[in-house]
Amino acid sequence: MSASQNVVVSETTRSSIIPNNNSSSQKLPPGLISISKKKLLKNIDIINGGGQRINAWVDSMRASSPTHLKSLPSSISSQQQLNSWIMQHPSALEMFEQIMEASRGKQIVMFLDYDGTLSPIVDDPDKAFMSSKMRRTVKKLAKCFPTAIVTGRCIDKVYNFVKLAELYYAGSHGMDIKGPAKGFSRHKRVKQSLLYQPANDYLPMINEVYRQLLEKTKSTPGAKVENHKFCASVHFRCVDEKKWSELVLQVRSVLKEFPTLKLTQGRKVFEIRPMIEWDKGKALEFLLETLGFGNTNNVFPVYIGDDRTDEDAFKMLRDRGEGFGILVSKFPKDTDASYSLQDPSEASLNI
């Protein structure tokens with residue numbers, strides 16, 4: 001994928017997706033969306049909160065752990081809850097015929113998360129390889145429909161896993177968007193190469209936060225810090241639970257010096273992102289606009305994902321009233337997805 005790809009963003013597209021800049025006393029990198037004072041103060045409170053907030057973060061970390069969920073005792077009540085959840089979010093495999101009927105006469109556009117969707121969740125994020133079967137499936141999919149990988153990882157890393165030049169890639173939770181490599185696009189709506197990076201001015205800040213997080217967390221065995229270019233992450237999948245409080249303090253001690261970055265949590269991971277009005281849902285909206293489907297009811301977008309950050313995309317599709325989201329999960333979760341799948345192996349069957 002060429003680093004010299006051109007930016008293809010019409011002024012109409014930009015104004016329909018990105019909020020207008022409003023004046024603010026908070027100093028931000030130039031050219032970026034300003035942050036309301038209320039939102040900034042709330043973010044500072046989250047980062048600098050006391051013992052109760054530490055306990056809340058640890059409780060949230062436990063809730064994101066599949067091992068804790070698996071250890072819960074089975075009961076009639078929990079089985080009833082599961083059955084009720086499945087009725088509300090039926091298997092996409094079992095509903096395949098109905099899904100195809102709903103998409104009839106419309107252009108399907110596929111959006112796929114990577115970790116936990118195209119690849120299994122593993123202890124070492126550098127070893128989250130997708131299977132050859134999954135790669136063949138995605139390759140066939142891209143021949144039929146515009147297809148994008150939407151991930152929290154940096155584009156270069158996920159591209160090294162996927163190795164398919166014909167896809168769109170939205171890395172860093174949608175803050176780094178690239179189109180198919182030159183000559184690989186089968187879809188004529190986008191005539192030039194595509195590159196869009198709404199948080200470009202945050203690069204030096206993210207690099208500095210990454211450096212400080214590496215230094216601060218090196219005393220916590222199992223903690224792994226990743227630089228995803230426009231965001232950073234701290235994985236605690238391999239950290240002893242007794243060290244979780246310590247890790248929260250370490251992460252927040254770094255972020256208190258960077259009030260224009262926000263701290264969120266995913267599956268066994270802390271995410272550090274710029275406080276701009278951009279997420280995976282905005283990335284889908286941008287890609288649909290770029291493909292020429294911004295103001296049409298002849299498109300059927302489908303998003304498959306497994307994590308909290310995918311909820312922004314699920315909600316966008318639900319609010320749009322076109323297409324739907326599919327949550328990959330073995331356990332009931334609050335979600336805006338319409339359907340569910342058990343694991344990545346089922347995802348390969350569905351796509």
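Modeller: A residue is called buried when its relative accessible area is under 20%. The model is predicted. With that cut-off, both Tyr303 and Phe314 are buried. The ring centres of Tyr303 and Phe314 are 5.6 Å apart and the planes stand at 85 degrees, so this pair is edge-to-face; the term applies to planes over 60 degrees apart. Tyr303 belongs to strand β10 (residues 299-305) and Phe314 to helix α12 (residues 311-320), so the pair ties together parts that are 11 residues apart in sequence.

Aromatic pairs number 11 in total. Another of them joins Tyr114 and Phe161, whose ring centres lie 5.5 Å apart with planes at 5 degrees, so the pair is stacked. Planes under 30 degrees apart receive that name. Tyr114 sits in the loop between β1 (107-112) and α7 (132-144), while Phe161 sits in helix α8 (residues 155-162), so this pair ties together parts that are 47 residues apart in sequence. Tyr114 and Phe161 are buried as well. Through ring pairs, Tyr114, Phe129 and Phe161 are linked into a cluster.

Helix α12, which carries Phe314, also packs against helix α11 (residues 280-290). Two packed helices are described by the angle between their axes and by the distance between those axes. For α11 and α12, the angle is about 55 degrees and the axes are 6 Å apart. The arrangement of α11 relative to α12 is therefore oblique. On the α11 side, the residues that meet α12 are Lys280, Gly281, Leu284, Glu285 and Leu288; their partners in α12 are Asp312, Ala313, Met316, Leu317 and Arg320. Sorted by class, this contact has five nonpolar, one polar and four charged residues.

Leu288, one of the α11 residues that meet α12, is also in contact with Val109. Val109 is part of strand β1, and its relative accessibility of 1% is why Val109 counts as buried. Beyond its neighbours within four places in sequence, Val109 is in contact with Pro146, Leu288, Leu291, Phe293, Val299, Phe300, Pro301 and Val302. Val109 and Ala142 are 33 residues apart in sequence, and their C-alpha atoms are 9.3 Å apart in space.

How values were computed: Residues numbered from 1 in each chain as written. Predicted model: local features only at pLDDT ≥ 70, side-chain atom pairs only at ≥ 80, totals over all residues. Heavy atoms only, no water. Phe/Tyr/Trp six-rings, centres within 6.5 Å; stacked < 30°, edge-to-face > 60°. Helix = DSSP H or I, 4+ residues; strand = E, 2+ residues; numbered from the N terminus. Buried < 20%, exposed > 50% of the residue type's maximum accessible area, 1.4 Å probe, protein only. Axes fitted to C-alpha atoms, helices over the stretch in contact; angles between N-to-C directions. Parallel < 35°, antiparallel > 145°, perpendicular 65-115°, else oblique. Contact = heavy atoms within 4.5 Å. Nonpolar A, V, L, I, M, F, W, Y, C, P; charged D, E, K, R; others polar.
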